[in-house]
Amino acid sequence: MNDILNAEQATEILKRGFSRRALGRFATMITAGAALPFYNESAMAQLSMVKDIPADAVKINANENPLGPCPEAAEAIYSVVKKGGRYEYDITFNMAKTLAAIEGVKPEYVQPYAGSSEPLHTTVMAFASPTRSFVQGDPGYEAGGRAAKFVGAKVIAVPLTEDHAHDVKAMVAADSNAGVIYICNPNNPTGTLTKRSDIEWALANKPKGSILLLDEAYLHFSDATPTTDLVAQDKEIIVLRTFSKLFGMAGLRAGAAIGRPDLLAKMKSYSAGALPITGMVGADASLKVKTLVAERRKNMRAIRAETFDFLAKHNVKFIPSDSNCFMIDTKGPARQYMEAMAKEKVYVGRNWPSMPTWSRITVGTADEMKKFQAATKKVLA
Ligand code: PLP
């Protein structure tokens, strides 16, 4: 094999129903450090909209944070740049320690990554297979499903409930041989929450040997309780965190998987390389600013509330959200609305096949949302 997949790991992968050909393909790609053919949010936003966005356009299409990193993170990043000639593994370890202390888990339960896309993909590679499916909500964030298709796993998309929560009963019942049950809380694209009691129910009732994958990319914008306490109890749950959203570091790349060390070890078979010290030091510094989450959450909520008032006043139907994104009903093909908005230099988000008239909007700055309002009023008139 190679340094990354040893003989024992290769045997384990074959036992999970993969062909030797698939195994060889993974090993080659991982060894080469190749980007696996999976997409993240910004790639999907790019694909769904014309290229060459003007520099002065409003970009509320990819759930990014216009505020960027907090000053403390930016300062830490500037000063670490000169150490960039070294791998500096301690910086990554320090970030893991800081996050572990906040979440109440041991440092070895935190595995840092350059964002949360990679651990989302590698959880799928480690726990889904041609014989173990991937179950997710619909509409939902598609990256995990794409990774599942790549490894030959069946993807089961279970419609959200009427109030746009994950239908945990239907998800758990979907396949007695599921490998991964994916819950995104708050959900992307709807921005809606799934109740803690439902998450606990899913964990207690999921098929034997499956993993509950909790994607908490947008958690900090909501009042939802983190599920890392369930990790601390050594349950079969992996929690994903990213610094791309509230912490404003999408382009800097930092994230983490939080889970039992034996589960994290299975995912690590599919990763290669050191992590960017800029992202790691920025993440560590952000976590140490005690007021940051509450301040940014409050700021985003005020802008979102103002936007919802506007939508209600102009009879634009929207889904009330607990996140920095929300969906509006454009009452026609959402694609047409997106294109018309782009002409007004406001780039809004994509739609999902199960909700073809709905467009996902990211909450930008107050000024950006004023431009969104003016353009929406014109386009939907
Ligand atoms: N999970 C969800 C739900 C997302 O929306 C995104 C990106 O938008 C990601 C994970 C991955 O983002 P990143 O790799 O930047 O952490």
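Close-up 1. Arg196 is partly exposed, at 23% relative accessible area (buried means under 20%, exposed over 50%, and partly exposed in between, with a 1.4 Å probe and protein chains only). Asp229 is also partly exposed, with a value of 32%. Their side chains meet in a salt bridge, 2.7 Å from N to O (that is, a side-chain nitrogen of Lys or Arg within 4 Å of a carboxyl oxygen of Asp or Glu). The pair links distant parts of the chain: Arg196 belongs to helix 9 (residues 196-205) and Asp229 to helix 10 (residues 228-232), 33 residues apart. Helices (H or I, at least four residues) and strands (E, at least two) are DSSP runs, numbered from the N terminus.

A note before you zoom in further: this is a predicted model, where local features need pLDDT of at least 70 and side-chain atom pairs count only at pLDDT 80 or more, while totals for chains, interfaces and linings use all residues. Residues are numbered from 1 along each chain as its sequence is written, and side-chain values use heavy atoms, with hydrogens and water left out.

**Close-up 2. Asp284 and Lys288 within helix 12.** This salt bridge has its closest N and O atoms 3.2 Å apart. Because the two residues are four apart in helix 12 (residues 277-288), about one helical turn separates them. Asp284 is buried at 9%, whereas Lys288 is exposed at 51%. Elsewhere, salt bridges that share partners join Glu103, Glu216 and Arg241 into one network.

Close-up 3. The ligand is surrounded by 15 residues, the closest being Ser117, Asp215, Tyr218, Thr242 and Ser244 (a residue is near if one of its heavy atoms lies within 4 Å). An N or O atom in the Thr242 side chain is 2.5 Å from a ligand oxygen. For Ser117, the corresponding side-chain distance to a ligand oxygen is 2.6 Å. Ser244 places a polar side-chain atom 2.6 Å from an oxygen atom of the ligand. The protein covers 97% of the 390 Å² of accessible area that the ligand has on its own (Shrake-Rupley method, 1.4 Å probe).

Methods
Polar contact = N/O pair within 3.5 Å; in protein donor to acceptor, adjacent residues only side chain to side chain.
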